[in-house]
Amino acid sequence: MKKILIINGPNINLLGLREPEIYGARSYADLLAFIGEAAAEAGVEAHCFQSNSEGAIVDEIQQAYGRFDGIVINPAAYTHTSVAIPDALKAVGVPAVEVHLSDISKREAYRQVSYTSEACVATVAGKGFEGYREALETLLAERNER
C-alpha cells in the first residue's frame, strides 16, 4: 500500500471559523474525515500533519524521506513566503502535489505567487475539500508513470 503524507499549514486547523465565505463552513475535523475517505477509496494510507510553524513543516517534510511515497501539501500562507518549504521538498525528492482550498489565482496579488509550486509535480486550487482527492489521484498517476 502506498503511504501518503498530507501536510496542512497555518490556520487550516481553524477551518469553519476562519473566513467561511472563502474556506467554507466545514471544520478541520471534517477535512480529516474527508481525506481519510478519499485515501481509502484510492487504496492508500494517509498520514495527516498540521502545523502553524514553518520549521515544524520543514521537519515533517525531511522525515518523509524513505517513509512516504508522496506528499500532498497545503502550505497555506507559507505558499507565498517560504523558501524553506520548497527547498525541503526538493531535497527529499518525494513527489509532491500542492493543494489550496481557494483559488489563489483569483485572490489578492500576493496570494497569486507560490514558491511551493516549483517543487511540486502539480497544483490543485479552488476545489475545496475535493482538491485533496484530486491531489491524491494526481500523485498516484505520477507514481504509476515513473
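Histidine 100 sits in strand 4, residues 96-100; strands here are DSSP runs of E with at least two residues, helices are runs of H or I with at least four, and both are numbered from the N terminus. This is a predicted model, in which local features need pLDDT of at least 70 and side-chain atom pairs count only at pLDDT 80 or more, while totals for chains, interfaces and linings use all residues. Residues are numbered from 1 along each chain as its sequence is written, and side-chain values use heavy atoms, with hydrogens and water left out.

Back to the histidine. Is histidine 100 buried or exposed? Its relative accessibility is 4%, so histidine 100 counts as buried. Buried means under 20% relative accessible area, exposed means over 50%, and partly exposed is in between, with a 1.4 Å probe and protein chains only. The side chain of histidine 100 makes a polar contact with the side chain of glutamate 98, at 2.8 Å. A polar contact is a pair of N or O atoms within 3.5 Å; within protein, one must be able to donate a hydrogen and the other to accept it, and residues adjacent in sequence count only if both atoms are side-chain atoms.

If neighbours within four places in sequence are left aside, histidine 100 is in contact with Asn74, Pro75, Thr79, Thr123, Val124, Ala125, Gly126 and Lys127. Contact means heavy atoms within 4.5 Å.

Take threonine 79 from that list. Threonine 79 belongs to the loop between strand 3 and helix 4, and it counts as buried at 0% relative accessibility. With neighbours within four places again left out, its contacts include Glu98, His100, Ile104 and Tyr115.

Next, the aromatic rings. How many aromatic pairs does a search of the whole structure find? It finds one. The ring centres of phenylalanine 34 and phenylalanine 129 are 5.8 Å apart and the planes are at 55°, so the pair is tilted. The rule takes rings of Phe, Tyr and Trp (for Trp, the six-membered ring) with centres within 6.5 Å; planes under 30 degrees apart are stacked, over 60 edge-to-face, and the rest tilted. The two partners are 95 residues apart: phenylalanine 34 is in helix 2 (residues 28-42), and phenylalanine 129 is in the loop between strand 5 (122-125) and helix 5 (130-145). Phenylalanine 34 is buried at 10% relative accessible area, and phenylalanine 129 is buried at 5%.

Now helix 3, residues 54-63, where the buried residues are Ile57, Val58, Glu60 and Ile61. Seen down the helix axis, they fall within an arc of 160°, so they line one face of helix 3; the arc is that of the directions from the axis to the C-beta atoms. These buried residues pack against strand 1 (2-8), strand 2 (44-50), strand 3 (70-74) and helix 4 (84-92).

Last, the whole chain. The protein has five helices and five strands, in the order β-α-α-β-α-β-α-β-β-α along the sequence. Buried residues make up 46% of the 146 residues. Of the contacts with a separation of 6 or more, 75% are between residues 24 or more positions apart. The C-alpha trace spans about 40 × 30 × 25 Å along its principal axes.
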